[in-house]
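Morning, everyone. Please look at the screen, and I'll walk you through it.

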Amino acid sequence: MNIQVSAKTFTSSAALLADHAAVRRRLFGRAPVNPVGTEPVDAEPLITVRRRLPAVNLHFHDAHVRAYRRWQMIAANGPCTAHILKRCAEARVSYEAVIGPCRKHRVAQFRHLLMWEIKTMVKPTISYPELGRLFGGRDHTTALHGVRAHAERIMSKER
């Protein structure tokens, strides 16, 4: 396939602007907005029609991806992830908030509760690095702090 390209030559900047406006009209159906103080290149009226694009619900389109990732996590971690999902549904806290970077007091305390439940009841043999990864890739010291903080809360309530 042979493609021949030739450069256009212009004698003035007005000719360059006129060519640009013609190409733009051909491609986009309207001329660009002229800078302040310049006259329009063509005398024909410009009709500008602006359409509002429909709103796109990205969460709707990504539902299958989130479902697949959730299935992968359940398959990889088994009862731990299933427990987190069940408790999130019971407490009406979103799973994404629990495993995400949210630092709100309510979410953080609920996350600590879940870490403590998993470490003490669901899977006592789980390591702290594994527990941190289960909650969105957190560090093992964060998981250790969460378990200890909730245990301390329980002890202070019993006194």
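Let's start at one residue. Phe135 touches Ile84, Val98, Ile99, Arg111, Leu114, Met115 and Ile118, leaving aside residues up to four places away in sequence. Keep in mind that this is a predicted model.

Now widen the view. The largest nonpolar core has 19 residues. Which of them touch the most other members? They are Ile84, Ile118, Leu131, Leu134 and Phe135.

Which helix gives the largest share? That is α6, with five residues. As a general point, nonpolar side chains in soluble globular proteins tend to be buried together.

Next, the whole chain. How many helices and strands does the secondary structure come to? Eight helices, zero strands. So much for the fold count; now burial. Of the 159 residues in the chain, 23% are buried. The accessible surface is about 12,500 Å². Carbon and sulfur atoms account for 58% of that surface.

Then contacts. Take those between residues at least 6 apart in sequence: 43% of them join residues at least 24 apart.

Last, the rings. The structure has zero aromatic pairs. But look at Tyr128. The charged end of Lys119 sits over the Tyr128 ring, 4.7 Å from the ring's centre.

Definitions and conventions: Residues are numbered from 1 along each chain as its sequence is written. This is a predicted model: local features need pLDDT of at least 70, side-chain atom pairs count only at pLDDT 80 or more; totals for chains, interfaces and linings use all residues. Side-chain values use heavy atoms; hydrogens and water are left out. A nonpolar core is a set of buried Ala, Val, Leu, Ile, Met, Phe, Trp, Tyr and Cys residues joined through side-chain atoms within 4.5 Å. Buried means under 20% relative accessible area, exposed over 50%, partly exposed in between (1.4 Å probe, protein chains only). Helices (H or I, at least four residues) and strands (E, at least two) are DSSP runs, numbered from the N terminus. Contact means heavy atoms within 4.5 Å. Accessible areas come from the Shrake-Rupley method with a 1.4 Å probe; for residues, only the protein chains shown count as cover. Rings of Phe, Tyr and Trp (its six-membered ring) pair if their centres lie within 6.5 Å; planes under 30 degrees apart count as stacked, over 60 as edge-to-face and the rest as tilted. A charge sits over a ring if NZ of Lys or CZ of Arg is within 6 Å of the ring centre and within 35 degrees of the ring normal.
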